[in-house]
Amino acid sequence: MKRILPFFLLLFSLITSAQDIDVFQQYYGRYSYTAIGNTLNPAENNLVWFCETLPSSSADLTLNTNQDIIAAYIYWAGSGEGDTEVTLNGTDLIADETLLVEYDDPNNGLLPYFSCFKDITPLIKTSGNGTYTLTNLDISDVLATNPGYCANRTNFAGWSIFVVYEDLSLPLNQVSVYHGLEIINRNEQEINITIDNLNVLDNDGAKIGFLAWEGDNALNYGESLIFNGNTLQSLPLNPGDNAFNGTNTFTGSTTSYNMDLDVYNIENYIGIGDDSATITLTTGEIVFGQMRADLIIINNIVTVLNSQLPDATTQIDQVLLACDNQTIQVDYTIFNINSTEILPANTPIAFYASGQLVGTSFTVNDILIGDSEANTIELTIPDNISSPFDLLIVADDDGFGNSTVQETNETNNSSALSVTMLQAPVLLNLPAIEACDVGYNTATFDLTENEHLLTIGTNTIGYYETYSDAVVQQNEINTPTSYQNTQSPQLIYIRVDNDDCYQVTSFGLLVKNCPPWIPSGFSPNDDGVNDEFEITGLLTIFEAFELKIYNRYGTLIYQGGDKLGFWDGISNRGINNKGQLMPVGTYYYVLHLNDPNYSDPLLGWVYVNY
């Protein structure tokens, strides 16, 4: 499938002052163009006085069946600063761009004139051949509020559609569309327009077309259209001394009042190898002691030139990287789309990393017009190139900046991609995490406690109970902030990922015996609430504990350990009160935890109440 790649992006919708005619779009292939349009002037404003324009006008598009529409642009223009919204065959259009030029009339002051532009390719492709009618181009308020236009006979309005089409019976051409807005008049009697980006391989059938506004057939004073120093004419419509006279070459009309759609043959005026041309427009001469001149506004220029050259463009499809490896694989494609000739095999290709040459290659096969070739290369990135870096691929480059193939466009051979090498995260040895035993050597751990010791950045981390699970990323711990160990001590494995690279490290979980919580009172009244002197964790954590209870006289009344459970207020020591429930009062305890981390006993008091 053929594609059209424009040289320049479409302009934003805007309003600007006069803009020099410059290249807008270029097409390469079996292409040409046609133009339709019509004036909204009921007569030539220099011969018949009127001060209004028609509400609508129509023109017919009649492409042959073998001519396929590639692009279509509409221009509309008139007196004033611009009506930017018009209607074409019932479709409302809003200008993509509006340009202004001005004429400072000695009698009527400053008079601006506008031209609007819009890309209407989808509309014309859908509608195809038929009659096109433009409405709602209204400059009546302008003419009514500024009588200088009608008094000066420069009141006008009109429109034109340019259609670029493909016709397989045509030679391979370069179709170039230039636009802007430039003016000549009695104040500025000559302008020179240079058109660039031409590529002439054969001047046979070369032609140039113009869209111009406000030209008058009756005002051919010093008027000329000169191309590369040669005066153009196309008889009988456009004599050499009256090029802008309200004519349409495409239809043969002589009643396109104050609007010109003309085409000229230039094959004798342009040479093979030319890449630019100069167009000169003149007007004005002294008649009976007075300056007489036409006012002419140039809106666009189109050239059609035979041009058979390839056009190599590039695309980096993907870059494959390996962790901590300086060798990368680059998949790339070389295209020959915007071209009129085969791109030959062995066209050189250069690869640069941060401006440093890192590899060369070449096309394997001849690449046909509109076709492409995909290939792969391995590049070793030098250690002195830091990551990320710009990877640049340049077609038709031998590695020393030399081109070996003449192309339609020598400035579009490269493409770039920012590449970040894959480096595994650098991990530190993480300290063990401790948590208090909640029973039988188990505890609840926050596994993320040590994350602040890692440089995580945009990396992701996961926690696993085994090394193999971390490698294959299965059985990840779902709630790492609240994890209960399965053994003590235990290793936890942490995997740190940065997409394609990862590292695994580990840290320990240690269950420690924390001081128990000892209540300050209880009520052994068998009501089911707080009936025992229950010290949290003694039976399941400090299994070898020993508890002694003394009354206020220092008499031992109770002694117990893990097998006896908790004191229920009944004495198990002493001769007189053994087996009796102790009265209300304050008692004192000595708690031996019998743990190497707690050599001193815990001392305190507990109040017994009923």
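Asp 141 sits in helix α2, residues 140-145 (helices are DSSP runs of H or I with at least four residues, strands runs of E with at least two, numbered from the N terminus). This is a predicted model, in which local features need pLDDT of at least 70 and side-chain atom pairs count only at pLDDT 80 or more, while totals for chains, interfaces and linings use all residues. Residues are numbered from 1 along each chain as its sequence is written, and side-chain values use heavy atoms, with hydrogens and water left out.

Q: Why is Asp 141 called exposed?
A: Its relative accessible area is 59%. Exposed means over 50%, buried under 20% and partly exposed in between, with a 1.4 Å probe and protein chains only, so Asp 141 counts as exposed.

Q: How do you know that β23 pairs with β26?
A: Two strands pair if DSSP finds at least two bridges between them. Strand β23 (residues 327-336) and β26 are joined by 10 bridges and run antiparallel, so they pair.

Q: What makes β22 and β26 edge strands?
A: The open sheet has the order β22-β23-β26, with antiparallel pairing. β22 (313-320) and β26 (371-380) each have a single partner strand, so one side of each lacks a neighbour in the sheet.

Q: What makes up the lining of the largest pocket, by class?
A: Seven nonpolar, six polar and seven charged residues. Nonpolar covers Ala, Val, Leu, Ile, Met, Phe, Trp, Tyr, Cys and Pro; charged covers Asp, Glu, Lys and Arg; the others, Gly among them, are polar.
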